[in-house]
Amino acid sequence: MKRNIKLLMEYDGSRYDGWQRLGKKSGGTTIQGKLEEVLSKMCQEPVELIGSGRTDAGVHARGQVANFHTDSAMKCWEMKYYLNRYLPQDIGVLYVSDVPERFHSRLNAVSKRYIYRVAVGDVPCVFDRKYTWYCFDKLDIGRMKKAAALMMGEHDFKGFSSVKKTNKSTVRTVSRIDMDVRDRELDLIFEGNGFLYNMVRIMAGTLIEIGTGDREPESVTEVFRTKDREKAGITLPPQGLFLDEVIYP
């Protein structure tokens with residue numbers, strides 16, 4: 001019986017075309033493709049990596065989870081050492097463990113937490129410029145929290161996504177939206193049982209427009225009612241978005 005190996009990873013998505021491998025030969029342009037190249041050499045067999053979910057081009061992760069099956073007898077600590085030696089420096093494997101045969105990194109996940117980092121203040125931090133989006137305007141956090149309360153719960157989030165036509169349900173449950181305010185940064189924290197394509201970036205963009213006074217907090221309910229993407233806010237760029245944690249039972 002093949003072993004089932006779980007990986008906990010972090011990566012800087014700046015130079016990648018997102019998580020998902022593009023065809024059988026990705027040429028290392030995706031996180032999954034680059035990992036599979038190194039894993040296949042390490043295990044001396046073809047390896048297919050199952051991720052907890054996709055991150056888009058330019059999006060980062062502090063706590064991405066994936067699993068793969070292998071006949072390799074390498075110890076977990078040996079795998080971790082090998083991977084961090086041969087992977088590029090913008091992908092790091094934090095933890096490697098054997099898990100039960102039926103563990104599936106995507107299907108077994110109960111929730112995910114994303115953080116969108118917004119640089120604020122007169123001068124954005126130069127050291128974080130590749131990992132934040134700068135908001136020039138002063139933000140009214142009270143208005144944003146009022147809108148965030150309307151976003152939480154179970155809703156059809158189609159209007160807060162870039163999904164076109166789909167036969168799959170666009171209903172999701174958002175259990176947490178928090179705002180961590182610091183001197184030069186605002187972190188928008190989203191947690192839920194699943195997120196649609198661009199959903200976090202559009203929700204964050206909508207909250208920013210509410211914070212700047214360009215739209216009212218109550219506009220959130222109109223997006224839910226109409227399921228119309230055009231009624232939601234802008235899609236913030238990818239560099240500020242981090243997959244922070246995937247949560248399992």
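Predicted model: local features only at pLDDT ≥ 70, side-chain atom pairs only at ≥ 80, totals over all residues.
Colleague: Why are Arg 21 and Glu 36 called a salt bridge?
Modeller: A salt bridge needs a side-chain nitrogen of Lys or Arg within 4 Å of a carboxyl oxygen of Asp or Glu. The closest N and O atoms of Arg 21 and Glu 36 are 2.5 Å apart, so the pair qualifies.

Colleague: Where do the two partners sit in the chain?
Modeller: Arg 21 is in the loop between strand 1 (3-11) and helix 1 (31-43), and Glu 36 is in helix 1. They are 15 residues apart. Helices (H or I, at least four residues) and strands (E, at least two) are DSSP runs, numbered from the N terminus.

Colleague: Why is Glu 36 called buried?
Modeller: Buried means under 20% relative accessible area, exposed over 50%, partly exposed in between (1.4 Å probe, protein chains only). Glu 36 has 8%, so it counts as buried. Arg 21 has 23%, so it counts as partly exposed.

Colleague: What makes Lys 146 and Glu 218 a salt bridge?
Modeller: Their closest N and O atoms are 3.0 Å apart, so the pair meets the distance rule. Lys 146 lies in helix 3 (residues 141-151) and Glu 218 in the loop between helix 4 and helix 5 (219-226), 72 residues apart.

Colleague: Are these two residues buried, exposed or in between, and why?
Modeller: Lys 146 has a relative accessible area of 48%, so it is partly exposed. Glu 218, at 38%, is therefore partly exposed.

Colleague: How do you know that Arg 182 and Asp 187 form a salt bridge?
Modeller: N to O is 3.2 Å, so this pair passes. Asp 187 is buried because its relative accessibility is 9%. Arg 182 has 38%, so it is partly exposed.

Colleague: How many salt bridges does the rule give?
Modeller: The count comes to 22.

Colleague: Why is Tyr 95 called exposed?
Modeller: Its relative accessible area is 51%, so Tyr 95 is exposed. Tyr 95 is found in strand 4 (residues 91-99).

Conventions:
Residues numbered from 1 in each chain as written. Heavy atoms only, no water.
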